[in-house]
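Please look over the sequence and the model below before reading on.

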Protein chains: 2
Amino acid sequence: MINQNKIPQATAKRLPLYYRFLNNLHIQGKSRVSSKELSEAMKVDSATIRRDFSYFGALGKKGYGYNVEYLLGFFRKTLDQDENTPVALIGVGNLGTAFLNYNFTKNNNTKIEVAFDADKRKVGKTIGDIQVHHIDDLEGNLENISVAILTVPVSEAQNITDRLVKAGVSGILNFTPARITVPENVRVHHIDLAVELQSLAYFMKHYPLENEREE
Amino acid sequence: MINQNKIPQATAKRLPLYYRFLNNLHIQGKSRVSSKELSEAMKVDSATIRRDFSYFGALGKKGYGYNVEYLLGFFRKTLDQDENTPVALIGVGNLGTAFLNYNFTKNNNTKIEVAFDADKRKVGKTIGDIQVHHIDDLEGNLENISVAILTVPVSEAQNITDRLVKAGVSGILNFTPARITVPENVRVHHIDLAVELQSLAYFMKHYPLENEREE
């Protein structure tokens, strides 16, 4: 068993991407892949991919590439072996409702268990099997929950974050455009949909595709 | 003026992240930043940051770091100088509606101009100033539009993609869990919300935060 703490963070950050890409190859019935193919599809240079994969114990063979099944097995073990991670959703607007209806059914180890909103008309409703509580009752309903998805209005983002942290949440997936401040022991990942769109437009403009093919 | 086509793709991919992080520093009133601070916050190693920034014409000074304002100016020019990019939204469900209400008002150069759905009860409605058309009328309403946001059910993803491509769309932001196949000249960026949540949980488990601080 590889000691995961030995994987550099920059490499770990690429794990879910590798996993997604290799899973797609597997679904297509491909049994091997070259670092060049991976490089073109993922926009990560081949040297980086080869170094990353060496941490996973995968050694590519010249003229053969990497064994897709071996790598997938490694990623599954690494990403899924954790215990279940119960998640709280804060803010049942359009984006929040989309999360509840989707609720990561394809993931074994992450699931929204409880939702909160300030709108009394939403409180008590059940969306995608999850009950919506009033935001005033946040503190009493976060037992065992360490992860929160934040889809509240920008003006509420910091205030709610402070309450979440005080209640013991140590990981926040921030979908608001707000920058939130947290203590050192709390991890925030920020997904800015505007940035994602901007990035796509930038790449279309400056990196016209030729022979590469992206998933 | 730097020739942007000389920036490696891997570097370009980090542009929006750099931009977001530096913009936050600027808002906080900070005038300089070290590659170490950037490295810890962004989980990109310092050597990579220094190499990236050298492409931007930014040379850090020992004991001083980088000038935040200079870098921000560069990123603004690089990311915003393009002409407007009109965008089509396909699928006005919860996630699609969230996009229409948000509509990237902070971006100057990307804006949803038209939306489509298969549900006749939604057709003709105006959400966030944008009119919803029937998906049957897709082909007649995509004039000048090269980018589409895909928030349709998985089962429709490939079929709609084929129609978009045929109608001249060359960039797709895919929010469905489906893997879509496109011709070589079409760029697809895939955002899988389950992968993002999984990634956060993985990092919380394996990389407990100590003295680093993430935005």
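What follows is a short briefing, grouped by topic.

This is a predicted model, in which local features need pLDDT of at least 70 and side-chain atom pairs count only at pLDDT 80 or more, while totals for chains, interfaces and linings use all residues. Residues are numbered from 1 along each chain as its sequence is written, chains are lettered from A and ligands numbered from 1 in the order in which they are written, and side-chain values use heavy atoms, with hydrogens and water left out.

**Chain A as a whole**

- Chain A holds seven helices and nine strands, where helices (H or I, at least four residues) and strands (E, at least two) are DSSP runs numbered from the N terminus.
- Of the 215 residues in chain A, 54% are buried; buried means under 20% relative accessible area, exposed means over 50%, and partly exposed lies in between, with a 1.4 Å probe and protein chains only.
- When contacts in chain A between residues at least 6 apart in sequence are considered, 57% of them join residues at least 24 apart, a contact being heavy atoms within 4.5 Å.

**Helix packing**

- In helix H2 (residues 35-42) of chain A, the buried residues are A:Ser35, A:Leu38, A:Ser39, A:Ala41 and A:Met42.
- These buried residues of H2(A) pack against H1, strand E1 (32-33), H3 and strand E2 (66-67) of chain A, and also against H1 of chain B.
- In chain B, helix H1 (residues 9-27) packs with helix H3 (residues 46-55) at an angle of about 95 degrees, their axes being 11 Å apart; the axes are lines fitted to C-alpha atoms, for helices over the stretch in contact, and the angles run from 0 to 180 degrees between N-to-C directions.
- H1(B) and H3(B) are therefore roughly perpendicular to each other, given that angles of 65 to 115 degrees count as roughly perpendicular, under 35 as roughly parallel, over 145 as roughly antiparallel and the rest as oblique.
- On the side of H1(B), the contact is made by B:Thr11, B:Arg14, B:Tyr18 and B:Leu22, and on the side of H3(B) by B:Thr48, B:Ile49, B:Arg51, B:Asp52, B:Phe53 and B:Tyr55.
- The residues of this contact divide into five nonpolar, two polar and three charged, where Ala, Val, Leu, Ile, Met, Phe, Trp, Tyr, Cys and Pro count as nonpolar, Asp, Glu, Lys and Arg as charged, and the others, Gly among them, as polar.

**Aromatic pairs**

- Over all chains, a search of the whole structure finds 12 aromatic pairs; rings of Phe, Tyr and Trp (its six-membered ring) pair if their centres lie within 6.5 Å, and planes under 30 degrees apart count as stacked, over 60 as edge-to-face and the rest as tilted.
- The ring centres of A:Tyr18 and A:Phe53 are 4.9 Å apart and the ring planes stand at 70 degrees, so this pair is edge-to-face.
- Because A:Tyr18 lies in helix H1 (residues 9-27) and A:Phe53 in helix H3 (residues 46-55) of chain A, the pair ties together parts that are 35 residues apart in sequence.
- A:Tyr18 is buried at 0% relative accessibility, and A:Phe53 is likewise buried at 0%.
- In chain B, B:Tyr18 and B:Phe75 form a stacked pair, with 6.1 Å from centre to centre and 10 degrees between the planes.
- This pair links B:Tyr18 in helix H1 with B:Phe75 in helix H4 (residues 68-80) of chain B, which are 57 residues apart, and both B:Tyr18 and B:Phe75 are buried.
- One aromatic cluster is formed by A:Tyr18, A:Phe53, A:Tyr66, A:Phe74 and A:Phe75.

**Salt bridges**

- Six salt bridges are found over all chains, a salt bridge being a side-chain nitrogen of Lys or Arg within 4 Å of a carboxyl oxygen of Asp or Glu.
- A:Arg163 and A:Glu139 meet in a salt bridge at 2.8 Å, N to O.
- Since A:Arg163 lies in helix H6 (residues 154-166) of chain A and A:Glu139 in the loop between strand E6 (130-134) and strand E7 (147-150), this pair ties together parts that are 24 residues apart in sequence.
- A:Glu139 is partly exposed, with a relative accessible area of 41%.
- In another salt bridge, the closest N and O atoms of A:Arg121 and A:Asp119 are 3.0 Å apart, and A:Arg121 is exposed at 68%.
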